[in-house]
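Subject: Structure handover and notes

Hello,

Here is the structure we discussed, with the sequence. My notes on what was found in it follow below.

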Amino acid sequence: MTAPPTFSDGVVVHATDLNFLLNPPACMVQQNTAQAAIPASTYTPITFDAESYDPYNLHSTSTNTSRVNIGLVLGWWHVSGCVSWATNATGNTRRCILGINGTFVNGSQILVSPAPQIVSAPLPGIFVQSTVNTDYIELQGWHDATASVATLVSGTYRSYLAARYLAAA
Amino acid sequence: MTFTDGTIVHAADLNALLSPGRVFTTQATVQSGITTATWSDIILNGTPATDTKAACTGAANVTIGKVIGWWLVSGVVTWVGNATGTTRRARVALNGTPINGSFSTTGPLATRVSVATPTVLVQASVGTDAVTLQGYHDATTSIAPEVTNEVRCSLTAVYIGP
């Protein structure tokens, strides 16, 4: 676990503390390979097999690849994401929602239409708090198509999850 | 705060950089009867998940003027199911004036549907400056936003600098 700096009058400020301010823990992970056969009517964690930015190793591409471990630094994190769905016009809705340790965050669920084209459910930035070092976030997808639906990876169309540490309290 | 060459930097200023102003709040009780074809403020009466500057009012206004400067703001309006009309919309407003670029729209659905605004920069110039999340629909009757479990309207704001 990494502890954020605190500053006190009369105490030397170290370069590492100022560099933390300039470059707080953050990561952005994405899908480079589509996640096949997400079953209908089942909240399913979205897995991420690529990291666009992850200098603090908040994410693994080999173990629990759906998770971003925000417990690395305790405090508040600014989180956003998107689930990109493959074409399938059946059913009524496509969803994305953020969970912390599997528990959904109020106000984080996005519901969109299963348009006849590809469709994305974007979650704009929200705040979540990590309180223990095992805390993790996941983006989960849900749909009610008549069959399993895959996520979409095509050009810039792909699911992602981003998190940036903001404050201790 | 600002920093000046030759002037002592106080710990409080650096610690403030570690904990910028921020808000994440939601709607907790259903706001019924939003009139058709009228931009309406979304009431945010939930207990904020975080509200470091006491910006939330329990009504629609979030007073970002508690810290003068620029804030990143975004929001989500989730509407109850109603397939009539052609559009469901959301945007961010400052003191009632919509912020350019914050507009987002989608089609209506017989089931619930969300409209997420882009994240926009909003400047608070005076202490009373307040942002609101606004919704719009053109259903044939008044409709409400959805409040069920984790499905609810929300607004996020974070201070980024003077």
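**Strand pairing in chain A**

In chain A, strand β4 (residues 75–85) and strand β10 (residues 160–167) run antiparallel and are joined by seven bridges. Within this pairing, H78(A) stands opposite R164(A) of β10(A). Please keep in mind throughout that this is a predicted model.

Both strands belong to an open sheet of five strands in chain A, with the order β3-β1-β10-β4-β8 and antiparallel pairing. At the edges are β3 (50–53) and β8 (119–130) of chain A, each of which pairs on one side only. From one strand to the next, the twist averages 20°.

**Chain A as a whole**

Chain A has one helix and ten strands. The C-alpha atoms of chain A fill a box of roughly 65 × 30 × 25 Å along the principal axes. Of its 169 residues, 44% count as buried. Among contacts in chain A between residues at least 6 apart in sequence, 73% join residues at least 24 apart.

As for confidence, chain A has a mean pLDDT of 94, and 100% of its residues reach 70 or more. Among the elements of chain A, the lowest mean pLDDT, 90, belongs to helix α1 (residues 15–22), and the highest, 98, to strand β2 (residues 44–45).

**Individual residues in chain A**

Phi of N57(A) is near 55°, a positive value in a residue other than glycine. For N64(A), also a residue other than glycine, phi is positive too, near 45°. N57(A) counts as exposed because it has 11 C-beta neighbours inside 10 Å. N64(A) has 13 other C-beta atoms within 10 Å and is therefore partly exposed.

Is E138(A), which has a charged side chain, buried or exposed? E138(A) is buried, because 23 other C-beta atoms lie within 10 Å, and the cut-off for a buried residue is 20 or more. Its place is in strand β9 (residues 137–143) of chain A. Leaving out residues up to four places away in sequence, E138(A) touches P45(A), S66(A), R67(A) and G99(A). Between E138(A) and A40(A) there are 98 residues in sequence and 19 Å in space, C-alpha to C-alpha.

**Strand β1 of chain B**

Why can β1(B) be called largely enclosed by the rest of the structure? Five of its five residues are buried, so the description applies to β1(B). In a regular strand the side chains alternate between the two faces of the sheet. Both faces of β1(B) are covered: on one side R22(B), F24(B) and T26(B) are buried, and on the other V23(B) and T25(B) are buried.

β1(B) has two pairing partners to look at. With β11(B), β1(B) runs antiparallel and is joined by five bridges; here T25(B) stands opposite L155(B) of β11(B). With strand β3 (residues 50–51) of chain B, the pairing is also antiparallel, over two bridges, and V23(B) stands opposite D51(B) of β3(B).

**Contacts between the chains**

How many residues of chain B are in contact with chain A? There are 33, and they are in contact with 31 residues of chain A. The elements of chain B that give two or more residues to this side are α1 (11–18), β1 (22–26), β4 (69–79), β8 (113–116) and β11 (154–161). The largest share, five residues, comes from α1(B). By class, the side of chain B that touches chain A has 14 nonpolar, 15 polar and four charged residues.

**The nonpolar core**

The largest nonpolar core has 82 residues. Those with the most contacts inside this core are W77(A), V128(A) and A163(A) in chain A, and V62(B) and A157(B) in chain B. Apart from neighbours within four places in sequence, A157(B) is in contact with R22(B), V23(B), V62(B), I64(B), W71(B), L72(B), V73(B) and V131(B). R22(B) and V23(B) are also among the buried residues of β1(B).

Regards

Methods. Residues numbered from 1 in each chain as written. Chains lettered and ligands numbered in written order. Predicted model: local features only at pLDDT ≥ 70, side-chain atom pairs only at ≥ 80, totals over all residues. Core = buried A, V, L, I, M, F, W, Y, C linked by C-beta atoms within 7 Å. Buried ≥ 20, exposed ≤ 12 C-beta atoms within 10 Å, placed from the backbone. Contact = placed C-beta atoms within 7 Å. Helix = DSSP H or I, 4+ residues; strand = E, 2+ residues; numbered from the N terminus. Nonpolar A, V, L, I, M, F, W, Y, C, P; charged D, E, K, R; others polar. pLDDT = per-residue confidence, 0-100. Pairing = 2+ DSSP bridges. Axes fitted to C-alpha atoms, helices over the stretch in contact; angles between N-to-C directions.
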